[in-house]
Amino acid sequence: ECWLLRVLVALVASLYALLESSATTSHRDYAMVYNTWGLALLPTACAEGLALGICIHFVASSGFAKLYIGGREWLAPDSLRVVLREYGVLTLKDGGPASP
């Protein structure tokens with residue numbers, strides 16, 4: 001009963017992420033999909049640990065990749081400001097935000 005609902009939520013989340021990433025080429029929803037499947041298929045105690053691990057990996061790996069590619073200059077506040085400014089002017093079709 002509860003398990004079936006969790007699997008249904010994981011399927012809906014997966015479909016949403018597939019459609020959204022196909023339209024925007026974004027990967028921001030991958031962690032959500034991994035977490036919903038973990039919560040649907042694992043016992044609660046294991047699922048909570050998996051969810052924490054997925055979140056830490058998702059945040060840390062993107063930061064480590066930026067430092068590896070961009071060097072220490074990525075630590076400056078201006079780098080995020082430039083990225084957000086550029087992202088904000090993109091259209092939805094070009095991978096920009098859905099709302100202003």
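Which residues does D29 touch, not counting residues up to four places away in sequence? In this predicted model, where contact means heavy atoms within 4.5 Å, D29 touches Y16, A17 and E20. Local features need pLDDT of at least 70 and side-chain atom pairs count only at pLDDT 80 or more, while totals for chains, interfaces and linings use all residues. Residues are numbered from 1 along each chain as its sequence is written, and side-chain values use heavy atoms, with hydrogens and water left out.

D29 sits in the loop between α1 and α2, helices being DSSP runs of H or I with at least four residues, numbered from the N terminus. D29 is buried but has no salt bridge. Buried means under 20% relative accessible area, exposed over 50% and partly exposed in between, with a 1.4 Å probe and protein chains only; a salt bridge puts a side-chain nitrogen of Lys or Arg within 4 Å of a carboxyl oxygen of Asp or Glu.

Next comes helix α2, residues 30-41. Its buried residues are A31, V33, N35, T36, G38 and A40, and they pack against α1 (2-24) and α3 (44-70).

Helix α2 also holds both Y30 and Y34, four residues apart, or about one turn of the helix. The count comes to one aromatic pair, with rings of Phe, Tyr and Trp (its six-membered ring) pairing if their centres lie within 6.5 Å; planes under 30 degrees apart are stacked, over 60 edge-to-face and the rest tilted. The ring centres of Y30 and Y34 are 6.5 Å apart and their planes at 50 degrees, so the pair is tilted. Y30 has 37% relative accessibility, so it counts as partly exposed.

Terms used. Helices (H or I, at least four residues) and strands (E, at least two) are DSSP runs, numbered from the N terminus. The expected span of a helix is 1.5 Å times one less than its number of residues. Lys and Arg count as positive and Asp and Glu as negative; His and the chain ends are not counted.
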